[in-house]
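Subject: Handing over the two-chain model

Hi,

Here is the structure I promised to pass on to you.

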Amino acid sequence: MSRLKELARNEAGVPPLRGGHALCQGCGIPLVVRTVLNSIEGPVVVVNATGCLEVATTRFPTTAWNVPWLHVAFENAAAVASGIESAQRALRRRNALPDDQDVTVVTFAGDGGTYDIGLQALSGALERGHRFLFVCYDNEAYMNTGVQRSGATPFGAATTTSQVGDESFGKAQKRKDMTAIAIGHHVRYVAQAAASHWDDLSTKVERATAIDGPAFLNVLTDCPLGWGHEPRTSRRVLDSAVETCFWPLFEVSDGQYRLTYRPERRLPIEKWLDGQNRFAHLLRPENRPLVERIQKEVKSDWDSLLALCATDDSRRPR
Amino acid sequence: MNGPRLLTGGEAVAHAMRQAKPDVVPAYPITPQTPIIQAFAKFVASGATHAELIDVESEHSALSAAIGSALAGARTMTATSSQGLALMTEVVYIAASLRAPIVMAVGNRALSGPINIHCDHSDSMLVRDSGVIQLFAENAQEAYELILLATRLAEHPDVLLPVLVCLDGFTITHGAEPVTLLDDEVAAAFVGEYRIPHSVLDVRDPATYGPFAMPDYYYELRRAQAAASAAALEVFPSIAAELEPLCGRRYAPIEQYRLEGAERVLVALGSTCGTARDVVDELRAAGEAAGLLELTSYRPFPSRLVAAALAGADRVLVLDRADSPGGTPPLAAELAACLYGSGIELESHVYGLGGREIHPADLHEIFAGHAADYVGLRGDACRG
């Protein structure tokens with residue numbers, strides 16, 4: 001629990017993201033941001049892609065940020081971070097920065113700004129090897145514009161652009177595996193985390209920021225509005241994503257896969273689908289084959305991941 | 001000062017960049033800009049200058065990285081052309097709004113489609129309303145000196161805007177000319193140290209950059225940006241006055257060539273002005289009252305200077321190396337606004353799209369009032 005004390009201490013000082021912003025009740029984004037930033041010792045600069053986090057925290061002339069923060073556009077956050085990181089190296093080389101100053105560049109983007117429109121800039125920045133942490137708060141759709149489907153939206157989910165009707169059961173395609181795409185860039189640290197599992201997330205942030213190079217965190221983050229659940233059930237909903245193995249918690253460090261959490265027993269996928277309006281139609285009897293398909297794919301993906309995690313030490317004490 | 005050496009415009013720009021010592025250069029290859037970043041990369045590889053080269057994966061990311069770098073307190077330069085500028089247009093607007101003093105060379109090239117690699121000014125015109133400053137060079141020597149001047153202009157505390165130095169693709173970027181460079185120390189002293197009022201890396205005094213502005217503030221912020229653009233015209237002469245004793249040329253937002261008593265005045269941008277000078281000389285030698293008005297600063301547009309310079313003219317002949325299908329070509333529209341109510345006649349001609357050559361004979365036709373709206377168009381093609 002010492003980690004909780006550290007997080008609380010960092011939050012108790014000048015919180016990097018303070019209250020009073022306009023993010024919704026039950027939104028997982030501020031939880032992710034505060035856990036990430038409070039887990040980093042030393043100064044940070046935040047680069048933010050266009051999205052809920054940006055819009056809800058910086059309505060001019062107010063700001064919820066107590067750390068340097070820069071937003072340029074939707075698709076280019078990783079490129080902007082590349083520029084800041086390069087500037088820091090250039091300035092250090094000619095002794096134009098305070099000696100003790102080593103600013104960690106942290107980028108926050110939603111799944112749209114990561115999986116879809118932001119993918120090219122992210123890919124370039126990962127390949128070039130800039131030292132920065134890219135955090136995707138993945139809430140599985142374009143929530144800021146009113147819940148449209150993204151490359152991260154799961155199969156079968158209803159969104160305003162993948163609606164349910166006589167001719168449609170929601171999104172017809174499987175979600176993109178962005179974590180695997182990041183791993184494919186041979187960066188030294190990639191991890192999947194969830195807003196509900198703060199301890200796991202915090203540890204991953206520490207590992208991610210310890211390496212000299214890019215790191216990518218894909219954090220499942222709830223959206224009560226878009227997912228259709230009560231704000232007070234956020235934690236439970238996210239837990240079910242992890243416990244059903246829909247969203248495994250793992251990391252890939254220098255190419256080594258490791259589960260960071262292993263459910264005692266894998267819960268049936270209905271535990272994840274139930275309680276979210278976007279999946280309500282899937283639980284109707286006539287859609288049973290869709291649920292079976294989802295269950296089959298989750299199981300298959302989980303087995304593939306287990307095979308990759310040859311050295312699963314998730315149960316060892318840390 | 002050194003003697004002249006044979007350099008292409010692209011090489012001359014790279015030398016100016018070397019002397020201005022940017023900390024960071026994010027860039028993406030595109031013809032005809034590529035020789036600039038190649039020559040600069042060679043300087044970095046040889047140790048002739050130090051810079052972080054960011055070989056980005058697109059022009060959109062080039063300017064995005066440039067914003068991050070410039071706002072983090074690092075002098076930042078880049079270069080692009082045509083589709084590259086089109087791709088980064090979204091970010092060009094934001095760079096101006098964030099008041100990022102980035103210097104960017106633009107090797108002017110036609111926009112697709114059809115795809116073409118040769119010169120016209122369509123790419124520059126695409127970002128004319130973005131809030132960035134755009135300076136047009138007539139030749140490689142000017143391209144070199146304008147990069148140095150642009151660095152000062154961009155970073156001036158009253159301005160703090162991106163400055164695009166536009167040089168005609170191939171004609172200037174690839175054409176070799178005798179170019180005289182300043183001594184490195186002289187150039188470095190002229191551009192000085194990079195200073196911005198506040199850095200995004202200032203963790204002791206953290207600030208929020210690029211916030212969300214709704215109808216209650218957006219309008220005021222846009223208006224402030226327009227004021228910064230106007231300020232560039234105010235500070236231009238003093239910066240040019242400092243450069244003059246170093247290079248022997250006095251730059252100004254407009255360049256007036258033989259306008260004394262000129263009745264017919266050609267108005268143009270870029271390398272065509274070199275051809276136009278010769279034509280004006282020939283006409284003057286023949287006793288005709290011809291003159292040339294060259295716009296070095298297209299943005300901000302020096303309306304008052306232009307109106308004053310043209311006050312004595314009878315007829316103004318505007319040459320646009322860009323078209324506006326269904327509308328008025330951009331330079332002609334600008335001149336029409338300048339001359340409104342003056343009684344001066346205005347003729348608009350489009351020329352040279354996609355690298356079509358313009359010859360002295362074409363300019364003679366224009367001065368004589370015999371030229372078509374679209375100068376140099378093949379008569380045998382494009383029949384509907």
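First, the conventions. This is a predicted model, in which local features need pLDDT of at least 70 and side-chain atom pairs count only at pLDDT 80 or more, while totals for chains, interfaces and linings use all residues. Residues are numbered from 1 along each chain as its sequence is written, and chains are lettered from A and ligands numbered from 1 in the order in which they are written.

Chain B overall

Chain B has 13 helices and 16 strands; these are DSSP runs numbered from the N terminus, helices being H or I with at least four residues and strands E with at least two. Its C-alpha atoms fill a box of roughly 65 × 55 × 45 Å along the principal axes.

Of the 384 residues in chain B, 55% are buried. A residue is buried if 20 or more other C-beta atoms lie within 10 Å of its own, exposed if 12 or fewer, and partly exposed in between, with C-beta atoms placed from the backbone. Among contacts in chain B with a separation of 6 or more, 81% come from residues 24 or more positions apart; a contact requires C-beta atoms, placed from the backbone, to lie within 7 Å.

A sheet and a helix pair in chain B

Five strands of chain B make an open sheet of mixed pairing, in the order β4-β5-β7-β6-β13. Two strands pair if DSSP finds at least two bridges between them. From one strand to the next the twist averages 25°. Strand β6 (residues 133-136) of chain B runs antiparallel to β13(B), with two bridges, and B:Gln134 has B:Arg299 as its bridge partner there.

Helices α7 (residues 140-155) and α8 (residues 184-191) of chain B have axes that come within 9 Å and cross at roughly 25°. Axes are lines fitted to C-alpha atoms, for helices over the stretch in contact, and angles run from 0 to 180 degrees between N-to-C directions. The two helices, α7(B) and α8(B), are therefore roughly parallel to each other. For this term the angle must be under 35 degrees; over 145 counts as roughly antiparallel, 65 to 115 as roughly perpendicular and the rest as oblique. B:Leu148, B:Thr151 and B:Arg152 of α7(B) make the contact with B:Ala187, B:Phe190 and B:Val191 of α8(B).

Backbone points to check

A cis peptide bond links B:Thr31 and B:Pro32, with omega about 5°, and B:Pro32 sits in the loop between β2 (24-27) and α2 (34-46) of chain B. Another cis peptide bond links B:Gly113 and B:Pro114, with omega about 0°. B:Ser82 is not a glycine, yet its phi is positive, about 45°. This residue, B:Ser82, belongs to helix α4 (residues 82-87) of chain B and is buried, with 30 C-beta neighbours inside 10 Å.

Where the chains meet

The contact takes 39 residues from chain A and 40 residues from chain B. On the side of chain A, α4(A) gives the most, with 13 residues. A strand pairing also crosses between the chains: β2(A) and strand β9 (residues 208-209) of chain B are parallel, with two bridges, and A:Trp69 is partnered by B:Thr208.

A buried strand in chain A

Six of the six residues of strand β4 (residues 133-138) of chain A are buried, so this strand is largely enclosed by the rest of the structure. A:Leu133, A:Val135 and A:Tyr137 point one way from β4(A), and A:Phe134, A:Cys136 and A:Asp138 the other way. β4(A) pairs in the parallel sense with strand β3 (residues 104-110) of chain A over five bridges, and with strand β8 (residues 215-220) of chain A, also in the parallel sense, over six bridges. A:Phe108 has A:Val135 as its bridge partner, and A:Cys136 stands opposite A:Asn218.

Best wishes

Methods:
Contact = placed C-beta atoms within 7 Å.
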